[in-house]
Amino acid sequence: MEEICAKFVSQKISKTRWRPVPLGSLQTAETFATGSWDNEENHVSLWSIGDFGNLDSDGGFEGDHQLLCDIGHHGDVMDLQFFDQERIVAASSTGYVTIFLHHPNNQTLSVNQQWTTAHYHTGPGSPSYSSAPCTGIVCNNPEIVTVGEDGRINLFRADHKEAVRTIDNADSSTLHAVTFLRTPEILTVNSIGQLKIWDFRQQGNEPSQILSLTGDRVPLHCVDRHPNQQHVVATGGQDGMLSIWDVRQGTMPVSLLKAHEAEMWEVHFHPSNPDHLFTCSEDGSLWHWDASTDVPEKSSLFHQGGRTSTFLSHSISNQANVHQSLISSWLTDPAKDRIEITSLLPNRTLSVNSLDVLGPCLVCGTDAEAIYVTRQLFS
Amino acid sequence: MEELDGEPTVTLIPGVNSKKKQMCFDWGPGEMLVCETSFNKKEQPEMVPNCPFIYIIRKDIDIYSKILRKLFNESHGIFVGLQRIEEELTGKSRKAQLVRVSKNYRSVIRACMEEMHQVAIAAKDPVSGRQLSSQVSILSAMELIWNLCEILFIEVAPAGPLLLHLLDWVRLHVCEVDSLSADVLGSENPSKHDNFWNLVTVLVLQGRLDEARQMLSKEADTSPTSAGMCQILGDLMRTMPILSPGNTQTLTELELKWQHWHEECERHLQDGTFAASPHLESLCKIMLGDEAALLEHKELLSNWYHFLVTRLLYSHPTVKPIDLHFYAQSSLDLFLGGESSPEPLDNILMAAFEFDIHQVIKECSIALSNWWFVAHLTDLLDHCKLLQSHNLYFGSNMREFLLLEYASGLFAHHSLWQLGVDYFDYCPELGRVSLELHIERIPLNTEQKALKVLRICEQRQMTEQVRSICKILAMKAVRNNRLGSALSWSIRAKDAAFATLVSDRFLRDYCERGCFSDLDLIDNLGPAMMLSDRLTFLGKYREFHRLYGEKRFVDAASLLLSLMTSQIAPRSFWMTLLTDALPLLEQKQVIFSAEQTYELMRCLEDLTSERPEHGEPDAQQLQDDDIETTKVEMLRLALARNLAGAILREGSLEGS
């Protein structure tokens with residue numbers, strides 16, 4: 001992790017997301033999207049870390065990420081997800097949900113579709129609507145699920161003007177994040193420490209299952225599902241704790257791990273190497289959690305090929321993983337002893353609001369208006 | 001009070017005629033609001049001002065520059081790092097660290113300057129291009145001043161190395177020579193280039209003698225007549241004694257050697273060695289530190305401090321820091337020659353050469369349009385323990401005063417306020433109160449932003465602010481009909497009064513609709529339930545409903561009764577509770593014991609006896625009273641029946 005590249009961008013970054021690489025392609029991540037917040041004018045921007053063919057003398061990549069294009073966004077960008085290769089869905093603090101379309105030919109972004117009243121409050125006894133921030137999005141082509149401070153869950157389809165399904169008052173408190181469990185089930189986390197599982201096949205506005213932290217009602221801010229084992233879920237809370245849940249059994253977390261000193265804003269399993277987990281926090285830290293059992297052996301495998309074959313060795317370890325992760329290393333209790341934690345940012349700054357991992361690449365954005373990128377996560 | 005240091009700047013407000021209309025103003029955090037008043041003089045009948053706008057006057061406009069934002073953000077990190085430098089570090093390692101911090105600040109300024117320069121070149125609109133260029137020159141002046149302060153105050157270079165630092169300083173900031181050199185060397189025949197001699201002269205002026213020698217050898221190659229002279233001058237250049245960093249020779253040794261070298265140069269000049277070539281002769285005069293010869297090259301020197309450093313290099317190479325101001329002043333006078341008066345930058349540099357730190361900071365504060373520079377420089381110098389004795393007649397010391405100004409400016413910005421927090425943290429005297437005043441004025445448009453502000457307050461134990469923010473959020477939630485959220489926020493604020501208010505809303509909604517909303521929250525209150533009596537009642541009442549739903553009638557009944565007897569339930573709610581008791585009383589098996597039934601009866605009688613008499617009941621009220629009377633009758637009947645059943649049952653149980 002020596003090679004971490006920072007760039008100051010004159011706007012506070014609320015979200016960073018890698019553009020997905022086409023299935024089965026050998027490409028590595030090279031484009032990511034960011035959203036800004038708390039600016040007079042906020043933006044959704046696309047950046048490229050493409051090497052533009054200029055390798056420096058050491059064979060390393062020269063230069064930092066370059067802005068490809070950007071577009072104004074109404075309100076703070078609260079969440080950002082790639083819908084597919086070209087389309088990005090953005091959640092706004094004004095209750096808007098917008099799909100932006102990227103035109104690679106002339107490098108521009110345009111509004112493809114917009115739901116302007118996805119999230120709203122109704123005042124007591126008055127018919128007037130006031131917008132409510134949309135706090136989380138999850139996409140699974142063609143479906144988009146959004147949650148908001150109004151406690152509402154919306155199910156949109158990219159080709160439908162109206163919401164396909166809306167659960168009003170799904171939650172009495174603020175919903176902070178949402179993820180797909182197994183289609184058509186989703187999982188939401190809220191500001192009183194509860195996980196709720198919703199099944200869109202069921203009518204009515206009751207969750208099919210509620211899991212919660214005991215007693216303390218610590219707000220949960222983020223959630224991610226294990227990429228291979230759909231019952232394993234990680235959440236991050238206001239107190240900076242990382243919780244691992246098995247939604248098949250019990251209503252309490254399998255393990256609670258002391259982590260950051262302030263709000264954990266995001267948690268992500270590595271999509272192809274799920275023994276690795278990444279978290280970032282308001283306290284300005286970004287952590288890499290490594291729960292793979294054979295740490296020393298694996299790192300020797302990585303070092304063998306040197307820098308040029310990083311990608312190759314990476315794919316080998318993926319195959320190894322398929323056999324190994326039948327029993328998730330996150331659920332076994334002694335996991336705690338085996339997890340190796342590394343801090344990825346050199347010095348503490350202001351809040352790290354968002355991170356994303358894809359292959360050997362990681363991107364994160366901070367309130368200190370910097371975007372950090374590394375392409376050698378496992379070196 | 002001190003007198004003003006300069007004329008205050010006049011800001012024109014468009015659309016307002018200050019002669020006819022009256023204006024009023026108010027201070028916002030870091031900015032001023034100006035508007036027309038609607039007070040009018042008697043002769044003007046209309047009350048409405050012609051100009052329905054409020055003007056915001058910002059005093060720190062640089063904060064709004066997109067490129068300078070990078071400077072603010074990046075230097076924030078350096079600032080925080082500097083505050084954490086171990087106090088125990090002393091002597092060399094501490095000084096080295098402070099110099100490194102200073103260099104970091106300068107490199108951020110340079111990076112910013114370069115970017116701004118690129119943008120200025122690319123600017124299509126000439127006005128903004130000019131604005132950017134002037135920003136570039138301001139940044140460049142800032143870096144120049146900072147660099148000099150670094151040499152004099154932080155590095156505290158002694159005689160000898162001092163001159164080497166000053167040479168580096170001049171070379172870094174008078175950099176036209178590089179483009180000149182590229183131009184000349186790029187031509188086909190460098191020594192015949194128009195600017196050839198200019199280039200050689202500049203190199204000598206900057207003490208870059210190796211490069212100058214190479215140029216001379218080019219000249220020697222092309223004109224054999226002057227080859228001999230070039231050779232001699234080149235040798236003089238080569239043999240000039242200089243202090244090299246790794247060298248162990250003492251200052252006295254150096255002075256001795258230098259004296260010999262100087263005499264040799266002098267001899268050559270007097271012997272007329274270079275008489276045949278005016279160019280070479282002029283170079284030799286420069287190397288002798290001849291002031292007249294130096295001043296002939298004013299154009300190439302471009303400014304007085306270059307002149308100063310060149311003059312020192314060739315006449316006083318071992319100048320002591322104390323003597324600097326003397327040479328600086330005479331250089332300035334000689335260079336300007338009475339033709340023009342010194343500019344602000346000249347005054348600042350002069351103050352630095354005089355080692356008058358306060359004057360430097362004062363002049364910079366007046367001349368520069370932002371607080372960034374003085375705040376950071378002063379803070380750094382304070383860490384060098386250079387400002388301890390100085391106290392202002394207002395507020396705290398100068399460092400803190402400037403940091404507060406800068407941080408307030410950041411707080412006036414819609415987005416940079418987060419940076420300001422750390423600056424306030426490191427102002428021991430007034431930082432905390434300033435932060436308290438500013439943080440409450442941050443607009444909270446999303447809960448996420450509110451959480452960030454709350455975190456800042458909680459980390460600093462600012463309980464008052466935490467409470468007020470939570471209350472604002474709770475109020476907002478109530479207005480938006482989000483009772484669950486409102487309750488969560490009042491629990492977080494430990495605001496019992498507000499929790500009571502929200503609980504009442506829940507109960508009212510229940511009475512209207514007959515069912516509870518937000519069960520997920522109420523069922524999971526836990527210990528937070530104890531915050532207020534009303535909240536406890538809400539939680540317990542909901543528990544009663546759950547017990548009833550689970551058909552645990554006995555438990556439900558005793559809970560219901562205890563709610564009334566323990567006075568947790570508000571009187572206004574008793575009728576509802578008694579009505580809830582009805583279905584329990586009507587159950588086939590007896591649930592309330594005789595004793596419990598007596599208690600219930602007493603509650604009912606307490607309630608009916610204290611009912612106030614209405615003066616003039618209207619139709620609606622009569623109808624309500626009617627329903628009420630029926631309810632009471634039904635209750636009395638049910639209670640009586642239950643009592644009978646209970647006595648029978650208890651009697652038979654005792655008998656058996």
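**Note on the predicted model of chains A and B**

1. The side chains of A:Asp38 and A:Lys12 form a salt bridge, with N and O 2.8 Å apart. A:Asp38 belongs to the loop between β3 (31-36) and β4 (42-48) of chain A, and A:Lys12 to the loop between β1 (4-8) and β2 (13-18), so this pair ties together parts that are 26 residues apart in sequence. The structure in question is a predicted model, and the values below should be read accordingly.

2. Are the two partners of this pair buried or exposed? A:Asp38 has a relative accessibility of 7% and therefore counts as buried, the limit being under 20%. A:Lys12 is also buried, at a relative accessible area of 0%. In general, side chains of opposite charge can pair when their charged atoms come close.

3. The phi angle of A:Ser10 is near 60°, a positive value in a residue other than glycine. A:Ser10 is buried, with a relative accessible area of 3%.

4. Two further salt bridges in chain A may be set beside the pair in point 1. A:Arg182 pairs with A:Glu185, their closest N and O atoms lying 2.8 Å apart. Here A:Arg182 is partly exposed, at 38% relative accessibility, whereas A:Glu185 is buried at 11%. A:Asp199 pairs with A:Arg201, again with 2.8 Å between the closest N and O atoms. A:Asp199 is buried at 11% relative accessibility, while A:Arg201 is exposed, with a relative accessible area of 59%.

5. A:Lys15, A:Arg17, A:Asp79 and A:Glu266 are linked in a network of salt bridges. Over all chains, the structure holds 41 salt bridges.

6. As to the make-up of chain A, the assignment gives three helices and 30 strands. The chain has 379 residues, and buried residues make up 60% of them. Among its contacts between residues at least 6 apart in sequence, 53% join residues at least 24 apart. Chain A exposes about 14900 Å², of which carbon and sulfur atoms supply 50%.

7. The bond joining A:Asn141 and A:Pro142 is cis, with omega about 5°. A:Pro142 is placed in the loop between β12 (134-140) and β13 (143-148) of chain A.

8. How many residues of each chain take part in the contact between chain A and chain B? On the side of chain A there are 45 residues, and these are in contact with 40 residues of chain B. The two chains bury about 3600 Å² between them, and 43% of this lies on carbon and sulfur atoms. Within chain A, the residues that lose the most area to chain B are A:Phe8, A:Ser172 and A:Arg217, which together account for 18% of what that side buries.

9. Between chain A and chain B the count is five salt bridges. A salt bridge joins the side chains of A:Glu282 and B:Lys452, with an N to O distance of 3.0 Å. The elements of chain A that give two or more residues to the side touching chain B are β10 (120-122) and β18 (194-199). By class, that side has 11 nonpolar, 20 polar and 14 charged residues.

10. B:Glu143 is found in helix α3 (residues 126-155). B:Glu143 is buried, with a relative accessible area of 1%. Apart from its neighbours within four places in sequence, B:Glu143 is in contact with B:Arg106, B:Ile109, B:Arg110, B:Leu172 and B:His173.

11. Where in chain B does B:Gln567 lie? B:Gln567 is in the loop between α27 (553-565) and α28 (574-585). Although B:Gln567 is not a glycine, its phi is positive, at about 65°.

How values were computed
Residues are numbered from 1 along each chain as its sequence is written. Chains are lettered from A and ligands numbered from 1 in the order in which they are written. This is a predicted model: local features need pLDDT of at least 70, side-chain atom pairs count only at pLDDT 80 or more; totals for chains, interfaces and linings use all residues. Side-chain values use heavy atoms; hydrogens and water are left out. Contact means heavy atoms within 4.5 Å. Buried area is the accessible area (1.4 Å probe) that two parts lose on being put together, summed over both. A salt bridge is a side-chain nitrogen of Lys or Arg within 4 Å of a carboxyl oxygen of Asp or Glu. Helices (H or I, at least four residues) and strands (E, at least two) are DSSP runs, numbered from the N terminus. Ala, Val, Leu, Ile, Met, Phe, Trp, Tyr, Cys and Pro count as nonpolar, Asp, Glu, Lys and Arg as charged, and the others, Gly among them, as polar. Buried means under 20% relative accessible area, exposed over 50%, partly exposed in between (1.4 Å probe, protein chains only). Accessible areas come from the Shrake-Rupley method with a 1.4 Å probe; for residues, only the protein chains shown count as cover.
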